[in-house]
Amino acid sequence: MEVLKQRILQEGVVLSDQVLKLDALLNHQVDPILTMEMGREFAGRFADAGVTRVVTVESSGIAVAFATALEMKVPLVFARRKKTLLADPDALCERVPSFTKGIVTDIMLSRQYISPDDKVLFIDDIIANGDAARGLIKIIQRSGAELVGLGVVVEKCFQAGARTIREQGIRLESLVRITSLEDGKVVFGE
């Protein structure tokens with residue numbers, strides 16, 4: 001997506017050779033027009049997969065996952081990172097480290113919103129090491145639902161996350177692939 005690449009170059013902030021801050025686009029502020037374009041792109045790429053439900057992890061993936069679910073006319077379910085008083089005691093749960101936050105959290109998905117009859121499309125904002133993605137994939141697999149693929153807005157190719165997901169035989173589609181952040185410059189791959 002050329003428009004996304006241009007916005008990353010204009011508004012992304014390279015914090016180190018490992019970290020790209022995209023608060024102006026994905027993680028703090030959301031551009032609704034760009035987000036809907038990304039949702040249409042994912043919906044188009046997975047149009048033939050028979051998706052019955054879109055899932056994501058709160059919170060940065062929610063906007064793009066919502067746009068995708070809206071385009072596909074299916075429900076969106078997001079895995080929570082914090083347990084609440086109203087949380088389903090029988091929720092599917094997985095403990096995952098967060099690369100950007102530097103902490104370990106539990107992600108939880110209520111069994112009432114995912115079933116063995118579902119064909120699930122997982123949408124996320126960025127894949128780096130892939131810990132959260134692998135955690136949600138485990139939850140989806142334990143639910144009995146079929147994971148038809150993973151769509152990520154930004155794939156950081158120089159970190160192992162996307163590669164390890166693909167090695168599991170999971171279809172992974174990226175809107176933008178970044179091969180390097182060295183010397184403070186974003187370098188895109190094909």
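1. Helices (H or I, at least four residues) and strands (E, at least two) are DSSP runs, numbered from the N terminus.

2. Basis of the note. The model is a predicted one, in which local features need pLDDT of at least 70 and side-chain atom pairs count only at pLDDT 80 or more, while totals for chains, interfaces and linings use all residues. Residues are numbered from 1 along each chain as its sequence is written, and side-chain values use heavy atoms, with hydrogens and water left out.

3. The partners of β7. Strands of a sheet pair through backbone hydrogen bonds, either parallel or antiparallel. Two strands are said to pair if DSSP finds at least two bridges between them. β3 and β7 pair in the parallel sense over three bridges, and Arg53 has Val120 of β7 as its bridge partner. β7 and β8 also run parallel, joined by eight bridges; here the bridge partner of Lys119 is Glu146 in β8.

4. The whole sheet. In which order do the six strands of the open sheet stand? The order is β4-β3-β7-β8-β9-β10, and the pairing is mixed. β4 (76-79) and β10 (187-189) stand at the edges with a single partner strand each, so one side of each is left without a neighbour in the sheet. From one strand to the next, the twist averages 30°. β9 and β10 pair in the antiparallel sense, over three bridges, and Phe188 in β10 is the bridge partner of Ile178.

5. Helices on the sheet. Helix α4 packs on the sheet and touches β3 (53-57), β4, β7 and β8; its direction makes about 180° with that of β3. Helix α5 (residues 131-143) lies across β3, β4, β7 and β8, running at about 170° to β7. Axes are lines fitted to C-alpha atoms, for helices over the stretch in contact, and angles run from 0 to 180 degrees between N-to-C directions. Contact means heavy atoms within 4.5 Å.

6. The nonpolar cores. A nonpolar core is a set of buried Ala, Val, Leu, Ile, Met, Phe, Trp, Tyr and Cys residues joined through side-chain atoms within 4.5 Å. The largest core has 29 residues, of which Ile8, Val54 and Val153 touch the most other members. The elements giving two or more residues to this core are α1 (2-11), α2 (23-27), α3 (32-45), α4, β7 (119-127), β8 (146-156) and β9 (172-180). A second, separate core of 26 residues includes Val57, Ile107, Leu109 and Leu136.

7. Val54 and Thr68. Thr68 has its place in helix α4 (residues 62-72) and is buried, because its relative accessible area is 0%. Leaving aside neighbours within four places in sequence, Thr68 is in contact with Gly39, Phe42, Ala43, Val54, Leu121 and Ile123.

8. Asn27 is found in helix α2 and counts as partly exposed, because its relative accessibility is 26%. Lys156 is found in strand β8 and counts as buried, at 5% relative accessibility. Beyond four places in sequence, Asn27 touches Leu22, Ser60, Asp125 and Ile126.

9. Is Ala128 buried or exposed? Ala128 is buried, with a relative accessible area of 9%, and is found in the loop between β7 and α5. Ala132 lies in helix α5 and is buried as well, with a relative accessible area of 15%. Apart from neighbours within four places in sequence, Ala132 is in contact with Arg81, Val96, Pro97 and Ile107.

10. The chain as a whole. The protein chain holds six helices and ten strands. Its radius of gyration is 16 Å, close to the 16 Å that the globule rule gives for 190 residues, so the chain is as compact as a globular protein of that length. The radius of gyration is taken over C-alpha atoms, and the globule rule is 2.2 Å times the number of residues to the power 0.38. Of the 190 residues, 46% count as buried.

Methods:
Buried means under 20% relative accessible area, exposed over 50%, partly exposed in between (1.4 Å probe, protein chains only).
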